[in-house]
Amino acid sequence: MDKLKKHILVTGGAGYIGSHTVVALTEAGFQPVILDDFRNAHPDVIDRLEEITQTQILCERSSCHDTDLLESIIEKYNIWGVIHFAADKAVGESVENPLKYFDNNLGGLISLLKAMKSKGVHRLVFSSSCTVYGLPKTIPVTENEEVSYNSPYGFTKLINEQMLEQFVQAEEQFKTVLLRYFNPVGAHASGLIGEEPRGVPTNLLPFITQTAAGIRKELVVHGDDYETSDGTCIRDYIHVVDLAEAHVKALEFIDSDKSASLEVINIGTGNGTSVKEMIDTFVSTCDTSLNWRIGPRRSGDVPAIYADAALAKEKLNWEAKLTVKDALRSAWNYQQKRVQKTSEL
Ligand code: WQD
């Protein structure tokens, strides 16, 4: 382990956004240490990360609930800072099983903060979500938009943010950046890592790629009678590689003396794309067909939301560089490689 590098504990680092961030951290000269219980990650992702980075990937298999184990990991790896991804994030599931979300998303952060406090680690980048905006009054959405929640999942993200607001008041040295992601999409250019949720995908793009690959029978579009340009919902689809880079920038920002004890920053492209536009762009860009139909609305969906991304540029000197087309191509490339890989197993 290179003692000269800043060691970053990446909870949930074997997951979709976490794994891409591990690549970005390595390339930026940090030493990531993954903590993951692999509840929503494939065990072979570590091998694939080592293939991409051409370095040994440090990984501890655990959830965040074991505070004593967290403390020993912080000590073992001399952790300088933490990026906290580990959480459940399916809106629909959270409605059916709120206790799972309270336990994992709230309990996990409490345990992590206890361990960080007792070991004197006081730098945290926290994975938050545009879901805390609920049904926004104005779009594009700035960080000053009123916050609310539409689901137990959104509730846990909001409470997480408020816990951190209180915590930094009590812990003078502690500094945290809350990144409010919009819709992460796409995959690493190598096609070795990407979005591959366990079970039936709830998010749009993995459902599109799995349908195009013949894994799913058809894509059902959840409603086309919204007050939008083509009647389907609008979102801000941010390439996961750009999103990963934002975490590196957030750590560098915390390390500078420019950051306040708590910063809230939107991470989005600043542009909105409808579901129908995603489908049409996927078909044309990836030169493939897609079996889809219109179905009923999905409860909890907001008609339109996309980011005002000015603060990320101002504070982090970060902006999205990759396009929705880049994301669609990379997601399709990943899907085709994974289908090929699993068919070879
Ligand atoms: C996008 C649009 C669906 C699937 C989620 C999380 C949120 C955040 C971002 C983590 C909506 C439509 C989808 C399908 C469809 N993640 N859709 N058919 O709901 O905007 O947000 O990801 O922080 O917390 O909830 O993303 O991809 O599920 O939906 O028509 O099979 O695609 O109705 O309009 P969402 P999504």
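Predicted model: local features only at pLDDT ≥ 70, side-chain atom pairs only at ≥ 80, totals over all residues.
A polar contact is a pair of N or O atoms within 3.5 Å. In Leu204 the backbone is involved instead, with an N or O atom 2.7 Å from an oxygen atom of the ligand. On its own the ligand has 680 Å² of accessible area, and the protein covers 92% of it.

The shell around the ligand can be described next. It consists of 21 residues, and the closest are Tyr153, Leu204, Arg235, Arg298 and Asp301. Sorted by class, 11 residues of this shell are nonpolar, six are polar and four are charged. Helix α7 (204-212) and strand β8 (219-222) each supply at least two of the shell residues. Strand β8 gives the most, with four.

In soluble globular proteins, nonpolar side chains tend to be buried together. Here the largest nonpolar core has 41 residues, and Ile8, Leu25, Leu49, Leu179, Leu251 and Ile267 are those with the most contacts inside it. Several elements each supply at least two residues of this core, among them β1 (7-11), α1 (16-27), β6 (175-181) and α8 (240-255). The most come from α8, which gives nine residues.

Leaving out residues up to four places away in sequence, Leu49 touches Ser19, Val22, Val23, Ile34, Gln54, Ile57 and Ile193. A second, separate core has 28 residues, including Cys64, Leu113, Leu124 and Phe174.

Key: Residues numbered from 1 in each chain as written. Heavy atoms only, no water. Core = buried A, V, L, I, M, F, W, Y, C linked by side-chain atoms within 4.5 Å. Buried < 20%, exposed > 50% of the residue type's maximum accessible area, 1.4 Å probe, protein only. Contact = heavy atoms within 4.5 Å. Near = heavy atom within 4 Å. Polar contact = N/O pair within 3.5 Å; in protein donor to acceptor, adjacent residues only side chain to side chain. Areas by Shrake-Rupley, 256 points an atom, 1.4 Å probe, with all protein chains shown as cover. Nonpolar A, V, L, I, M, F, W, Y, C, P; charged D, E, K, R; others polar.
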